[in-house]
Structure formats: C-alpha cells, structure tokens
Amino acid sequence: MTVNPAESISTFYSGQSILLTGATGFLGKVFFEKVLRACPDVREIFLLMRPKRESNINERLKKILNLPLYEKLYKEQSSNFEKLVPISGDINEKGLGLSAADRQMLVERVTIIIHAAADVKFNNSLKNVIFANIRATRDVCILAKDMKNLIALVYVSTAYTNVDKQFIEEKVYSPVADWQKMIQMAESLDEHTLNIFSAKCLDYIPNTYIFSKNLAESIIQDYSSYLPCAIVRPSVVMSTLIDPFPGWIDNVYGPIGLSIASGKGLIRVGYCDKYVNENIVPVDIVIKTILTASWKVGLNTTSFTANSTPFVINCVSQKHATYEESKKKLFSVLKEVPFEEIWTPNVMLTNNFVLFYILTILWHILPAILIDLILKFSGRQPMLIKLQKNVYVINCAVSYFSLHEWKFGNKNWFSLLSSIPTDNRNTFSFDYSYFDIREYIKNCTMGAKRHILHENLNQLDAVKARNKRICLLVTVLKTFISIGMLLIVYKWIYS
C-alpha cells in the first residue's frame with residue numbers, strides 16, 4: 001500500500017536527494033545521522049565539505065563516522081552510510097568552491113537543500129563573515145535556482161538576528177544593511193579598510209556573526225520569490241535531549257565551554273544577569289524542526305507563487321530557568337557526576353562589568369600567573385594564563401545574550417508541530433516541554449565528561465576522592481592566606 005507523503009514524513013523523504021552544507025559542524029553531523037536512521041529510503045545526502053591540508057574530504061568523513069554518535073545507526077542500518085556523498089567545497093569561496101562537474105551533478109539531482117554552514121565565531125572579521133555567511137547564502141540560492149527538481153530550501157539562522165526587538169515574531173524583518181552592497185564591499189576592499197566600517201555597519205548589532213545572519217535572512221527573503229524557502233531560528237544549541245542518545249556533544253563553543261570550565265573550577269566569576277532566563281535548545285530538537293519544516297515546505301511546493309515569503313520558525317527554549325537556577329542545578333549534578341577538578345568549583349554571577357573585571361584579575365589572572373610560574377620552574381609548559389584569557393574573551397563575547405532577554409513568537413512553531421502526523425510524533429515531534437531541566441543538565445554533564453573531556457564515567461568514586469583532596473588543599477591554602485593577611489594587618493596596626 002502506497003503511503004501519502006502528507007501522512008508520513010519518512011515517506012516524504014523517500015527518493016529525495018539532499019544537499020547539506022555545514023556537514024562537519026555539530027548540527028550537520030546530527031542532521032545526517034537522523035535522516036539516515038529515521039528516513040531510511042532517502043536517495044542520497046550530498047555533504048559539502050572542505051578538504052584540509054592533512055586530509056581530503058573522504059578521510060574527513062571516515063573520521064567523523066567513527067564518532068559514538070553513529071553507533072546506533074551502525075547497529076540498525078549500517079548500509080545507509082553508503083548514501084553519504086561527500087562533495088568538495090568551501091563556503092568562504094565564491095560559488096561555494098564547487099567544481100563545474102559537481103555543480104552540474106547537484107543541479108541535476110538535488111531536491112532539498114539544508115543550508116546549515118556558517119562561520120560561528122562572534123569576533124571574526126567583517127570580511128570573513130560576509131564571505132562565509134552572506135555571500136555563501138547568496139550562492140546557495142543561485143545554485144538552488146538552477147536546480148531542476150528543488151522542492152525545499154531550509155536556511156538555519158539564529159533566534160538573535162533582530163536583537164533590537166524585545167518581541168521577535170516569526171517573520172523576516174528589514175535588514176540592518178544592503179546585503180548586495182556588503183558583498184561588493186568585501187570583494188573590493190582589503191580587510192583593514194573594511195574593518196574601519198565595522199562599527200557603522202553593525203549599528204546596534206553586538207557582533208559580526210549576528211550581523212551576517214541578519215543579512216543572510218534578507219537574502220532568503222529576496223530569493224523566496226523564486227524558491228520554496230523556510231528559515232529555522234534556533235537559540236543556543238546544546239547537547240542532544242534523547243536522539244540518538246542523551247547528552248551527545250562534541251564542541252566547547254560559548255556556554256558549553258563556560259559550563260565545563262566552571263565545573264572544573266577554572267571559572268570563579270561569570271559576567272551575566274543571574275535573573276535572566278537561559279534560552280537553550282537541544283540539537284536533536286533543532287534537527288526535528290528542520291526536517292519537519294522541509295517536509296511542510298516540500299508538500300506545498302505546488303502552491304508556491306512568486307509572492308511567497310519564507311516560512312519562519314523560532315526554535316527556542318520551551319522551559320525556562322534563570323542563569324542562577326541553572327548554576328545551582330549544575331553544581332548539584334556535579335556532586336553526583338563530578339568533573340576531574342583543577343580547583344573547587346564555585347562561581348559568582350554579576351552583571352556589573354567593573355566588578356567582573358576586578359574579580360577576573362583577582363580570581364583568574366593572578367592565580368594563573370602563580371600556577372604558570374610553578375609549572376615553568378618545574379620544567380612543564382605554562383598554559384593557565386592563556387586559558388584564562390580565552391575564558392575572559394568568551395565570557396565577554398556571550399555576555400550580550402546573558403545580560404538581555406527576548407520574547408519569541410511561536411505561531412508557526414505551533415502550526416508546524418500540530419501538522420505532524422500522529423504516527424510520526426515519536427520520531428519527529430520537537431515538543432520537549434515535558435523534559436526535566438536537572439535531568440537534562442545531568443545528561444549534558446555526562447556527555448561532556450565522555451565525549452569532550454574523555455573522562456571515565458566508571459571511575460566516579462575515584463574522582464570524588466581526588467576532588468576531596470583538592471578541596472582539603474584549597475581549604476588549607478585559604479587558611480594560611482587568611483592567617484597571613486591577619487598577621488599583616490596586626491603588624492600594621494601595632495607597629
């Protein structure tokens with residue numbers, strides 16, 4: 001019996017050829033795992049990948065497929081890995097760096113595009129982000145226009161493209177600049193000259209990444225007159241909730257790195273408003289939203305008109321906890337699943353930059369200088385000052401988002417969720433309002449231990465014993481320092 005694609009998302013993807021940009025990124029790796037497992041009859045997935053000096057695209061893909069992320073797929077449907085087709089390309093190059101032969105193959109065969117590639121560094125130069133995030137989006141749209149059988153183009157944006165709005169609706173707003181002029185400027189001016197214009201170009205936008213995503217949405221809006229498009233806007237993307245297993249993570253960007261550093265005792269002060277709600281979304285929820293959005297757009301391709309606009313979905317947190325609440329939950333979890341500490345974990349959150357700066361010097365930099373001197377004199381490589389400088393830069397980079405809070409419209413989100421066929425809910429539903437925040441934090445912590453820090457989860461008792469010794473050492477040091485300071489004050493008073 002033939003199943004109607006409108007009644008089955010998995011059936012919709014049968015025979016489809018997908019082009020995925022950003023295939024080697026956190027989101028991209030989870031995306032093609034989910035497609036191969038949940039939509040086993042997909043025809044093929046073209047993975048746009050950049051060759052590196054030490055490895056070509058086939059070698060890079062082979063290394064990626066050795067990750068624990070794919071163990072479930074290997075057990076259930078290992079033959080589906082043959083449907084992965086790596087394509088050499090680079091979003092930093094004009095025309096995506098595609099060869100003529102590869103481009104023609106994509107034009108002939110691709111039916112769905114998922115454009116997830118982006119330069120995600122907050123402090124990158126304007127020239128770099130224009131090429132990687134703005135021009136590349138234009139070139140994806142140009143490629144899409146030439147495709148003979150395209151039914152959907154989904155662009156992965158960010159929930160923070162319009163930070164000047166307190167309430168962000170599911171629509172494309174007027175851009176902060178003209179994307180065509182920005183591309184022309186980047187192609188004609190040198191990097192130094194272009195950086196001089198950065199402050200004027202960015203206007204109210206906090207960094208070049210958000211600026212570039214704002215303009216990229218405008219590109220999708222302009223090309224939606226010719227193409228069936230959707231824009232998915234995730235907030236801060238974190239570890240998997242349940243799919244393919246809880247807690248998968250493989251990067252230390254932004255809040256993830258700060259949480260790990262806090263748990264290991266490296267961070268003592270954080271620059272954020274402790275009463276602001278965190279806005280995080282598990283990566284597998286984002287993937288399900290993308291797949292469902294592509295299905296929805298693809299089903300309606302026949303009704304596509306020249307006046308169409310992108311279908312925009314805000315993919316944001318469904319449960320809220322303040323930074324202070326999340327911190328308390330994290331430290332509660334660390335009593336059960338501790339990291340191998342460098343120092344006893346304890347973090348003070350403040351939204352006062354002067355206080356944050358002073359405490360960074362006192363609690364981060366000065367101890368780092370002392371420890372690095374000890375390392376140097378003992379014949380080992382100093383590393384803590386550099387690490388603490390990086391922590392400071394990351395803390396400042398993400399502070400704009402941890403000091404402010406936005407509200408998000410969700411009409412399209414609810415409409416999309418309610419359209420999922422009943423039989424598909426277990427596989428594709430992106431409703432996670434049921435989840436327990438502490439349990440999620442615990443799974444994130446175990447995932448970070450296993451996949452990033454490579455710490456053995458079977459040796460928690462040994463870690464706890466080691467951490468108790470560190471706690472005792474810290475207590476002794478604090479006692480000696482306190483006694484020393486009291487003696488200095490006593491001598492100063494009575495001298």
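Before we look around, a word on the model. It is a predicted one, where local features need pLDDT of at least 70 and side-chain atom pairs count only at pLDDT 80 or more, while totals for chains, interfaces and linings use all residues. Residues are numbered from 1 along each chain as its sequence is written, and side-chain values use heavy atoms, with hydrogens and water left out.

**The sheet**

Let us start with the strands. Helices (H or I, at least four residues) and strands (E, at least two) are DSSP runs, numbered from the N terminus, and two strands pair if DSSP finds at least two bridges between them. Seven strands make up an open sheet with parallel pairing, in the order β3-β2-β1-β4-β5-β7-β11. At its edges are β3 (84–88) and β11 (311–315), each of which pairs on one side only. From one strand to the next, the twist averages 20 degrees.

Inside the sheet, β4 (residues 112–115) and β5 (residues 152–156) run parallel and are joined by four bridges. Histidine 115 has tyrosine 155 in β5 as its bridge partner. Helix α10 (residues 208–223) packs on the sheet and touches β5 and β7 (229–234), where contact means heavy atoms within 4.5 Å. The direction of α10 makes about 165 degrees with that of β5; axes are lines fitted to C-alpha atoms, for helices over the stretch in contact, and angles run from 0 to 180 degrees between N-to-C directions.

**The salt bridges**

Side chains of opposite charge can pair when their charged atoms come close. The structure holds 19 salt bridges, including these:

| Salt bridge | Closest N and O atoms |
|---|---|
| Arginine 37 – glutamate 33 | 2.7 Å |
| Arginine 37 – aspartate 243 | 2.6 Å |
| Lysine 327 – glutamate 324 | 3.6 Å |

Arginine 37 and glutamate 33 are four residues apart in helix α2 (residues 26–38), so about one helical turn separates them.

Aspartate 243 sits in the loop between β8 (236–238) and α11 (254–263), so its pairing with arginine 37 of helix α2 ties together parts that are 206 residues apart in sequence. Arginine 37 and aspartate 243 are both buried.

Lysine 327 and glutamate 324 lie in helix α13 (residues 323–336), three residues apart, about one turn of the helix. Both lysine 327 and glutamate 324 are buried.

Key
Salt bridge = Lys/Arg side-chain N within 4 Å of Asp/Glu carboxyl O. Buried < 20%, exposed > 50% of the residue type's maximum accessible area, 1.4 Å probe, protein only.
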